[in-house]
Amino acid sequence: MSEEQSQNEQPQQQQSSGSSSAGDQPPRARGLEALKTHILEHKVETALWATRALTLLFCISYLIPVFGNPYNSYQKVLMSNAATSALRLNQRIPSVQFSREFFVQLLMEDSAHYLLYSLIFMYTSPMTMVLAPIFLFALLHFASYSLGLLDIIGQNSALGSRFLISLVEYHHRNILRGAAFVEIFLMPHCILSLLIGRGSLITPFAYYRFLTLRYSSRRNPYTRNMFLELRVTSEHLANSPSTPTFLRNAIFRAITFISGLAPAVSQ
């Protein structure tokens, strides 16, 4: 995706009657009862938090195959990510319409992009690289919402967990840049998998469509920015005096080819 942010805002307290000012408002209720109330009032957000927790759990289960078959864990990661994307998409576009305008609006949503991402790799041979963006996004949003839940329970609850979660949030830009970097290099990985007989013919074409959608994203510019960073780095390498002529020409041809594949981005 930044990639869509978790909606963690809490309901504002009612001002007391009479001449009481905003500073005289009673403190918000905290504890398990407050947490229960919050969950009941924010069912979809809580469901998103739970599906992201499952995504992280299945990713760990795939990388450390102690509990069951790694292939099953791989499939569960993609299914839980698809469930997260579908829930988020329902938040963004609650009403379904059968029209061209609705379909165009649907394709502009980041959630639709990652629903497509899950479907592309659902039935391919497991590729660990595929899970990296899913894991990073799940970790970021899970940490963000968990911090809000800990605030509801109590300010001093689980200080160690709060520190780790805050650390993840502090590095959210690097996490999003890392996810974008992996998404870009998954394209040559898909082509290589096809050449060695481990991928299907449709995967590179479908993934190219996903990558163009990420490049054109209105809410998450990290993929577009990462392409720009890679281009600047490649041009710097090509213009270095120590770079052989054949390599310099190959780099510039690659830049020209890839730039020609980039979709037009509306301002």
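A crossing of two helices is called left-handed if the near helix is turned anticlockwise from the far one by less than a right angle. With that in hand, the tour of this predicted model can start at the pair formed by helix H10 (residues 222-238) and helix H11 (residues 245-261), whose crossing is left-handed. The axes of H10 and H11 come within 9 Å and cross at roughly 160°. Because angles over 145 degrees count as roughly antiparallel, H10 is roughly antiparallel to H11. On the H10 side, the contact is made by Phe 227, Arg 231, Ser 234, Glu 235, Leu 237 and Ala 238. H11 answers with Arg 248, Ile 251, Phe 252, Ile 255, Ile 258 and Ser 259. Sorted by class, the residues of this contact comprise 7 nonpolar, 2 polar and 3 charged.

Several of these names return in the largest pocket, which has a volume of about 950 Å³. Its lining consists of 27 residues, and those nearest the centre are Ile 184, Phe 227, Ala 254, Ile 258 and Ser 259. Among them, Phe 227 also belongs to the H10 side of the contact described above, while Ile 258 and Ser 259 belong to the H11 side. Four helices each supply at least two lining residues: helix H8 (172-195), helix H9 (202-215), H10 and H11. The largest share, 7 residues, comes from H11.

The lining of the second largest pocket divides into 7 nonpolar, 5 polar and 3 charged residues.

Attention now turns to helix H6 (residues 128-153), which packs with helix H3 (residues 70-92) at an angle of about 40°, the two axes lying 11 Å apart. That angle makes H3 oblique to H6, and H3 passes H6 in a left-handed crossing. Here Tyr 74, Val 77, Leu 78 and Asn 81 of H3 meet Val 130, Leu 131 and Ile 134 of H6. The contact of H3 with H6 holds 6 nonpolar residues and 1 polar residue, with no charged ones.

H6 also meets helix H5 (residues 110-121), and the axes of H5 and H6 come within 11 Å and cross at roughly 150°. This makes H5 roughly antiparallel to H6. The crossing of H5 past H6 is left-handed. From H5, the contact draws on Tyr 114, Tyr 117 and Phe 121. From H6, it draws on Met 129, Val 130, Pro 133, Ile 134 and Phe 137. Val 130 and Ile 134 of H6 thus take part in the contact with H3 and in the contact with H5, contact being heavy atoms within 4.5 Å. By class, the contact of H5 with H6 has 8 nonpolar residues, and no polar or charged ones.

Key: Residues are numbered from 1 along each chain as its sequence is written. This is a predicted model: local features need pLDDT of at least 70, side-chain atom pairs count only at pLDDT 80 or more; totals for chains, interfaces and linings use all residues. Side-chain values use heavy atoms; hydrogens and water are left out. Axes are lines fitted to C-alpha atoms, for helices over the stretch in contact, and angles run from 0 to 180 degrees between N-to-C directions. Angles under 35 degrees count as roughly parallel, over 145 as roughly antiparallel, 65 to 115 as roughly perpendicular and the rest as oblique. Ala, Val, Leu, Ile, Met, Phe, Trp, Tyr, Cys and Pro count as nonpolar, Asp, Glu, Lys and Arg as charged, and the others, Gly among them, as polar. On a 1 Å grid over the protein atoms alone, a cavity is a set of points where a 1.4 Å probe fits but cannot get out, and a pocket is an open set with protein on both sides within 12 Å along at least five of seven lines; lining residues have an atom within 4 Å of a point. Grid points are joined across faces, edges and corners, and a volume is the space filled by probe spheres set on the points.
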